[in-house]
Amino acid sequence: MSIAQNKKAFHDYFIEEKYEAGIVLEGWEVKAIRAGRIQLKEAYIIIRNGELFLIGCHISSLPAASTHIHPDPVRTRKLLLHAGQISQLIGKVERAGYTLVPLDMHYKAGRIKLEIGLAKGKKQFDKRESEKRKEWERDKQRLIRNQHT
């Protein structure tokens with residue numbers, strides 16, 4: 001079941017591979033995510049010391065958050081993957097000019113998981129081309145629908 005999606009990533013990048021990662025969260029963050037108070041649009045993933053970190057993901061705290069913690073909505077959060085997957089991703093990102101982007105946050109067996117994509121940036125003409133293709137598909141469906149009536 002999807003919690004939040006990053007639709008902008010599919011517009012700005014060609015997604016080549018997808019991975020599912022765990023995410024290290026605090027208690028107030030889990031409650032806020034369950035309430036749907038998360039935004040992935042500006043988020044990105046960096047590699048630091050052989051570990052993956054999610055930066056720029058905005059989780060706004062609930063108004064009833066306890067008084068003894070001071071929630072930071074955009075703190076850096078660690079991602080959890082197998083060591084082999086991390087080393088594979090590091091190689092591709094450093095060598096081939098790929099980037100890592102968060103695609104989708106969802107529940108899996110009661111846990112919150114983040115789907116990350118190994119992506120290559122689109123040029124402006126690629127974005128226009130994919131927009132034209134989508135528009136043509138919509139027009140084609142409309143024409144087919146109108147023929148049957």
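The following dialogue examines several assignments made in a predicted model.

Student: Why is histidine 106 called buried?

Tutor: The relative accessible area of histidine 106 is 12%, and buried means under 20%; histidine 106 is therefore buried. The residue lies in strand E8 (residues 99-108).

Student: What makes the pairing of the side chains of histidine 106 and glutamate 20 a polar contact?

Tutor: The side chains of histidine 106 and glutamate 20 are joined at 2.6 Å, and the cut-off for N or O atoms is within 3.5 Å. The side chain of histidine 106 also makes a polar contact with that of aspartate 104, at 3.2 Å.

Student: How do you know that the span of helix H3 agrees with its number of residues?

Tutor: The 14 residues of H3 (residues 83-96) should span 20 Å at 1.5 Å a residue, and the end C-alpha atoms are 20 Å apart, so the two values agree. The buried residues of H3 are Ile86, Leu89, Ile90 and Lys92. These buried residues pack against several strands, including strand E2 (13-23) and strand E9 (111-121).

Student: Why is E5 described as largely enclosed by the rest of the structure?

Tutor: Of the 5 residues of E5, 4 are buried, so the strand is largely enclosed.

Student: What makes E4 and E5 paired strands?

Tutor: A pair needs at least two bridges, and 5 bridges join E4 to E5, so the two strands pair, running antiparallel. Isoleucine 47 stands opposite leucine 52 in E5. E5 also pairs with strand E7 (residues 77-80) in the antiparallel sense over 3 bridges, where leucine 52 stands opposite leucine 79.

Technical notes. Residues numbered from 1 in each chain as written. Predicted model: local features only at pLDDT ≥ 70, side-chain atom pairs only at ≥ 80, totals over all residues. Heavy atoms only, no water. Buried < 20%, exposed > 50% of the residue type's maximum accessible area, 1.4 Å probe, protein only. Polar contact = N/O pair within 3.5 Å; in protein donor to acceptor, adjacent residues only side chain to side chain. Expected span 1.5 Å × (residues − 1). Contact = heavy atoms within 4.5 Å.
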